[in-house]
Amino acid sequence: MRRRIAVLGGVMLLLILAACSSTPTATSAKRGTTRSTSTTSTHPSTTTTAPPPLPMGAQGAVSAIPWAQVGSGWLLALWGPNSGAGAGPLPAGDVPTSQETTTLFLVDPLGGRYLVATLAPPAPSSLAGWSGDGRRALLTTFNGSQTTVTQIDLTTGQTGNQFALHGDVSYTRPMGLAVLATSSTATTPTTTTLQRYSMNGSLQQAYPTNFSQVGAFDGSVLSSPDGTQLVMGAAKGLALVGNDGTLVSQLPVAGATNCTVTRWWATGVALASCSTTDSSSQLYEVPISGAAVTTLTAPPVPPDYGDLNAWEVGKNVYLQSAGACGSLFLGELQPNGTSAEVTVPDVDSGSSVVVVGTDGSRLALQATVGCGSGISAMWFNPTENTTSVVLGPPVNGGGVIAALVYPRPLD
C-alpha cells in the first residue's frame with residue numbers, strides 16, 4: 001500500500017543562557033520561542049541550541065526527546081514488525097503474537113519518531129493510557145481472565161510498576177496517579193464493576209454500579225478534567241459519581257438504552273453513544289448539570305450502522321461510524337444528522353479507519369485491516385484532503401498496534 005508522505009520542515013528551539021542579574025527570569029519555552037536565564041555566575045555567557053524535532057521518517061533515541069516541546073500534536077504508538085492482517089493464516093514473514101517483539105514510539109508533529117522502549121514477547125494487548133503529565137504510559141497484556149498492567153517511564157524507557165488486575169484499565173485524571181479498572185463477570189446476568197487502584201495495584205475505591213433511574217453500569221467511564229468526578233455509562237443514560245464513590249446525579253437519555261460515555265464534547269457536556277429502538281447507535285450531548293440532552297446524530301442509515309464518537313475540526317463534525325461486519329470508517333456529519341463516509345487518501349479500500357484524536361485542523365487516524373490488526377498511523381487534514389503517514393508502511397513497515405494522542409483535558 002503506497003502512502004504519500006508530506007515532508008515538513010524542522011522547527012528549531014533556541015535556548016539562550018546569559019549571565020545578567022541575580023534574579024532568575026524565564027520566558028515561554030514553546031516551539032519557536034527562546035528561554036533566557038540570568039544568574040550570578042562570573043563565567044562567560046554561553047549559548048546552546050536544543051535539538052529540533054526530528055523530520056518525517058527520521059528516528060532518534062529516547063534520550064533525544066525534546067521534552068520542552070512535547071504536547072498537542074504528538075502521538076504515542078505501539079508498533080510491531082508484523083504487518084496488519086485479518087483472520088486466517090499468518091502472512092509470510094510474520095510471527096505469532098506470543099513471539100513478536102514490539103516497540104513503543106513517541107512521534108513528533110513533523111513525523112519524526114523516538115524509540116522509547118523495545119518490549120520483549122509476548123506483545124502487549126493494548127496501549128491503555130498516557131498520563132496527564134505526558135511522561136508515563138500504561139500497557140496491558142491479557143492472559144486468560146487476568147490483565148497484567150505495566151507502567152513505562154517515557155523519559156527513560158524503563159519499566160516501572162507492574163501488577164495484575166481483571167478487566168480494562170485507564171489512568172485517573174488529571175495526572176495519572178492511579179488507575180480505573182472495569183471488569184465484567186462471566187455469570188448471567190453480567191455484572192460490571194468499577195474500581196480505583198493505586199499504582200502498586202492496591203484497591204483504593206469501589207464505585208456504585210447500579211442506579212435507580214439509569215440502570216446498570218455498562219463499563220464505560222470518563223473522568224472530569226480535574227479528576228474529582230466520574231461520568232459512568234449505564235443502561236438508560238449516564239450517572240455522575242464523586243471520586244469518593246458518592247452518587248451526585250443521574251442523567252437519563254429519553255428513549256435510549258445501553259449508553260456508552262465516550263469523551264467530553266464541551267466543558268460540562270459529555271458525549272454518549274446510545275442504542276435506539278433498532279439497536280443501532282446515535283450520539284447525544286449530555287450536560288452533567290442535568291440540563292436538557294441534545295441529539296447530535298440522527299438514526300443511522302446504511303452503510304452507517306451506528307455512530308460511536310465525534311470530534312469537531314474547524315466548522316465540521318467528524319464521526320467514528322460503524323460499517324458492515326464490524327468495520328469502522330470516518331464519517332462527516334451531514335445537515336440532516338446522518339454520517340457520510342469520508343474517503344481518506346492513501347488508505348486502501350476495505351480497510352477500517354480508527355479516529356485516535358485531533359490537533360487543530362488535523363485528525364489523527366489509525367488504518368487497520370477490516371476487522372483485523374493495525375496497519376499505520378497518520379495525520380489527515382480534511383480541508384486539504386491530505387494525509388501524512390508517520391508510522392507503519394511505507395515509513396518503517398510492520399504494523400501499528402495502537403496509538404494515542406497527547407492527553408488534553410477535554411479528550
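This is a predicted model: local features need pLDDT of at least 70, side-chain atom pairs count only at pLDDT 80 or more; totals for chains, interfaces and linings use all residues.
1. Strand β33, residues 399–405, gives the most, with three residues.

2. You'll find Val 62 in the loop that runs between β4 (59–61) and β5 (75–80). Its relative accessible area is 16%, and the cut-off for buried is under 20%, so Val 62 counts as buried.

3. What is Val 62 in contact with, leaving aside its neighbours within four places in sequence? The list has Leu 115 and Val 116, plus the run of Leu 154, Thr 155, Thr 156 and Gly 157. Take Val 116 as an example: 54 residues separate it from Val 62 in sequence, yet the two C-alpha atoms are 4.9 Å apart in space.

4. Stepping back to the whole protein, there are 33 strands and zero helices. Among contacts with a separation of 6 or more, 47% are between residues 24 or more positions apart.

5. Last, burial and surface. Of the protein's 411 residues, 47% count as buried. The protein exposes about 18200 Å², with carbon and sulfur atoms supplying 54% of that area.

Technical notes: Residues are numbered from 1 along each chain as its sequence is written. Side-chain values use heavy atoms; hydrogens and water are left out. Helices (H or I, at least four residues) and strands (E, at least two) are DSSP runs, numbered from the N terminus. Buried means under 20% relative accessible area, exposed over 50%, partly exposed in between (1.4 Å probe, protein chains only). Contact means heavy atoms within 4.5 Å. Accessible areas come from the Shrake-Rupley method with a 1.4 Å probe; for residues, only the protein chains shown count as cover.
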